[in-house]
Amino acid sequence: MSPEQTPSTLQLVRDARSWLLRGRLPVATAVALLMVTLVANLLIAENFLTAFNIRSIFANVIPLAAVAVGQTVIVLGRGIDLSIGTIATLSSVVTVSLVEPLGLLPAMLVGLGSGAACGLVNGLLVAVVRLQPIVATFATSFVWSGLALYVLPPGTAAAPRMPDVVVQGYRNSILGVPNAAWLLLLIALSWLVLKRTALLRHVYAVGGDEQASYATGVRVVRVQIMTYVVGGTYAAFASFAMLANSGSADALAGGNLTLVSIAALVIGGTRLSGGAGGAGGTIIGGMVLQLLTSLLVALRPPTDIRQLIDGLLVIFALALAGLWSSRRGGR
Amino acid sequence: MAFLAMRGVDKRFGGVIALRDASLHAERGEVHGLLGANGSGKSTLNKILTGVVAPDRVDITIDGRPAAISGPHDAHGHGVAAVYQELSLIPDLSVTANLVLASEDARLGFLRRRADRERAAEVLGRFAAAFPGGNLPLDVPIGNLSPGEQQVVEIAKAVARRPNILVLDEATASLYSAQVEVVFEVVRELKAAGTLVIFPSHRLGEIFELCDRATVLRNGELAGEVTLADTSESELVELMVGSLARPAGRGHQVATQERAARLEVSGLATDRLRDIDLSVRAGEVVGLGGLAGQGQSELLNALFGSTRVRQGTMEVDGRPELPRHPKRAVTAGLALVPGDRTREGLLPVRPILENLTVPSLRRRSRFGVLSHEREREAARSAAEQLQIKYGSLDDGVMTLSGGNQQKVVVGKWLLTEPSVVLLDDPTKGIDVRAKQELYELITALTTDGVAVLLNSSDDDELLGLSHRILVFFEGRIVAELTGDGLTAERLVAAALQVASA
């Protein structure tokens, strides 16, 4: 029996409709927003098309994109991680402090482990202790940034630095494409790989309907914990990009990545209540936010109102994405 | 020794006993019916088998070996698969993903999508005739299918696990007759292959068509085990109801006959209700009976303006009134005591005082300003009238016992002096004493000339309190019981759509 041989017209229409309504329309919205911000940059920012500018846009978007993809996995499972930016901070100070004594690769492995461990703690608090994700991860965010300050107090004389190869490599190009752009591609590929795992299927299931998933035999608690571990691991990757981008670590950087990561996934069409969306849209959402920042730089507003305008632009993008995708009826 | 044996099953929910020393014995290659009236515990019994409800005591053996089942995952491990009344499908996932959920074919954690899709096509193929044109919607998100198609997928999902024991809990409720035939055909195939199928259903016709034997529960206890070939419909109903004589209700009181109708409804329809005509006189209690979830609750919500009404008219005390919003309903003189009191009936974090006075604030405010004295006075007199046991009116409402909480819900409406009171399963989960006090309260309401519509999942309560009972089936009123017709036998027979018991 091969049912796909004779799809009826009705079936085709059904499929096309569901393709658009379930999932693809929000991504289309994000792509449209990307086009708008791109054109605005081309019109307004004079040096936009220079190689240096393009390289630095990609260099700056990597930490955001990596954290946002991690956040997407957590949100898909109906969770949220308000500590994810500080996990990146902690992982970056751990990594950079260990480069000297251990060497680059072992230091990165420990950094990765610290990110995953932070995620594990968040996951246990949410799924086993059953704290509200917002409260639990907001609390742990102070623990992670407190630990980061302890590991690398600000103003430390002779603060540890990343090897120059890493820093230069991050800003170089291969085949005319900035290395940071290759990394962005790598992040997208990692998502495609992740999407083929049984784990991620279960994340979508739990986010879609936790009770039904449980009744079907999905290990809900284990799945929820794993989303936070995966999220923490992505945060650690983001921390490597932050280190490569600036050459050193700052125990106060990274905190604002949390909110931007949530903004990116909302613009990218991931449902905040879980179960629908994906990291493809999130990466586009991250690009939109980065281009908005670049636009803001080009407009050279007085520094004292810059943050205000930045905030308004993000709200504007969120509202636009929300309005467009809520047009599809329902919510 | 039976293939499946459940013995000594006890389960309490708070103060309510759902099952008491219940049991079930069934063999391989058999379709075994599970029968019982509302609240008989059959749903709880099969949820214990499938691991969704944790029993207080149970002794399960499968194939002669003791089986410890403490969650759905364990149940799957023992070869038990279930189709629930509430679907267990994930709307955003495709049909294929739903069919193989939690039993995906994976290598090193990576899905083997082609293998999953083939398996899904194979199992859903057995149900092909249930889909238009026989095309299987494997890649369509479940949420895009019709309710009947979703139900078929739900059944296929259970079958895909190749269970030894398959529980089909009211599985045919949302199916068209053609789809039912397809499902029955598959059930017969499974039976022939040696599967035990447990089939709890309210549809006696289906039980007789499909089952070999049946277990009947009554009030949480085993009422009997029957071979269907030797049993008549009325014998089954008698087993479900019991032969105990029950005190006559109020059907014999005819004093209300001459009084004016306070509520008149005609031709009312919503998404789930059709052709509802009814009239309630001053001082009359009209019961809404039938199986659970046949539209009784929906009717009360529609009258109160919290469910959208498609068509129909309604009059309160002769004034045309079809509330679009609960606030309008309150102004028109209606009051609703909802079934889920913590979610809809109470402001859980606020004090008793505020909970009592909120709906009637406007009656006592002057230019929008409230007098503390008057609030306190009104609340105190309501609390006294209702015999609410409280420490202080300023205590949080959740500090009260369940029964007293429910009295607060009723009491806050008394302060609005309603013409019509709608009670939606008001005694669910409260103790016997609080029940008795609520019954007295209902009597007091009728003495004051209030018209009462009462939905209850407790048939005895319905029979004891109602002057008349309207029996619901799939969104319509199918029978009206009055006078000598107000008996448990008539009620169950009407609810099950059996000719007569």
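## Chain A at a glance

Of the 331 residues in chain A, 49% count as buried. This is a predicted model, and in it chain A is built from 13 helices and two strands. If you take the contacts in chain A with a separation of 6 or more, 80% of them come from residues 24 or more positions apart.

For the complex, the predictor reports an ipTM of 0.81 and a pTM of 0.74. Chain B has an average pLDDT of 84, and 93% of the residues score at least 70.

## Where the chains meet

How many residues does each chain bring to the contact? Chain A puts in 27 residues, and they touch 29 residues of chain B. On the chain A side, α1 (9–44), α8 (198–208) and α9 (210–216) each supply at least two residues. The largest share comes from α8(A), with six residues. Sorted by class, the side of chain A that touches chain B has twelve nonpolar, nine polar and six charged residues.

In soluble globular proteins, nonpolar side chains tend to be buried together. Here the largest nonpolar core has 248 residues, and B:Leu334 and B:Leu422 have the most contacts inside it. Helix α10 of chain A (residues 220–246) gives this core its largest share, 17 residues.

What does B:Leu334 touch? Leaving out residues up to four places away in sequence, its contacts are B:Leu303, B:Phe304, B:Val316, B:Ala329, B:Pro418, B:Val420 and B:Leu422.

## A covered strand in chain B

Strand β10 of chain B (residues 196–200) is mostly covered, with five of its five residues buried. In a regular strand, side chains alternate between the two faces of the sheet. In β10(B), B:Leu196, B:Ile198 and B:Pro200 sit on one side, B:Val197 and B:Phe199 sit on the other, and both faces are covered.

Which strands pair with β10(B)? Strand β3 of chain B (residues 31–35) runs parallel to β10(B) and is joined to it by four bridges; in this pairing B:Val31 stands opposite B:Val197. Strand β9 of chain B (residues 165–168) is also parallel to β10(B), with three bridges between them, and there B:Val167 has B:Ile198 as its bridge partner. Getting from β9(B) to β10(B) takes you through helix α6 of chain B (residues 177–192), and the three elements make a right-handed β-α-β unit.

## An antiparallel sheet in chain B

Chain B also has an open sheet of four strands, in the order β14-β13-β16-β17, with antiparallel pairing. Its edge strands are β14 (276–281) and β17 (319–320), each of which pairs on one side only. Strand β13 of chain B (residues 261–269) meets β14(B) in the antiparallel sense over five bridges. If you want a pair to look for on screen, B:Ala261 has B:Arg281 as its bridge partner in β14(B).

## Loop residues worth a look

Most residues other than glycine have a negative phi, and most peptide bonds are trans. B:Leu108 has a positive phi, near 55 degrees, and so does B:Asp425, with a phi near 50 degrees. B:Leu108 belongs to the loop between β7 (106–107) and β8 (110–111) of chain B, while B:Asp425 is in the loop between β19 (420–424) and α16 (432–447) of chain B.

Are these two buried or exposed? B:Asp425 is buried because 22 other C-beta atoms lie within 10 Å, where 20 or more is the cut-off.

B:Glu474 comes out as partly exposed, because 15 other C-beta atoms lie within 10 Å. You'll find B:Glu474 in the loop between β21 (468–473) and β22 (476–482) of chain B. From B:Glu474 to B:Pro163 is 311 residues in sequence and 31 Å in space, C-alpha to C-alpha.

Technical notes. Residues numbered from 1 in each chain as written. Chains lettered and ligands numbered in written order. Buried ≥ 20, exposed ≤ 12 C-beta atoms within 10 Å, placed from the backbone. Pairing = 2+ DSSP bridges. Right-handed = clockwise from strand over helix to strand, strands pointing away. Core = buried A, V, L, I, M, F, W, Y, C linked by C-beta atoms within 7 Å. Contact = placed C-beta atoms within 7 Å. Nonpolar A, V, L, I, M, F, W, Y, C, P; charged D, E, K, R; others polar. pLDDT = per-residue confidence, 0-100.
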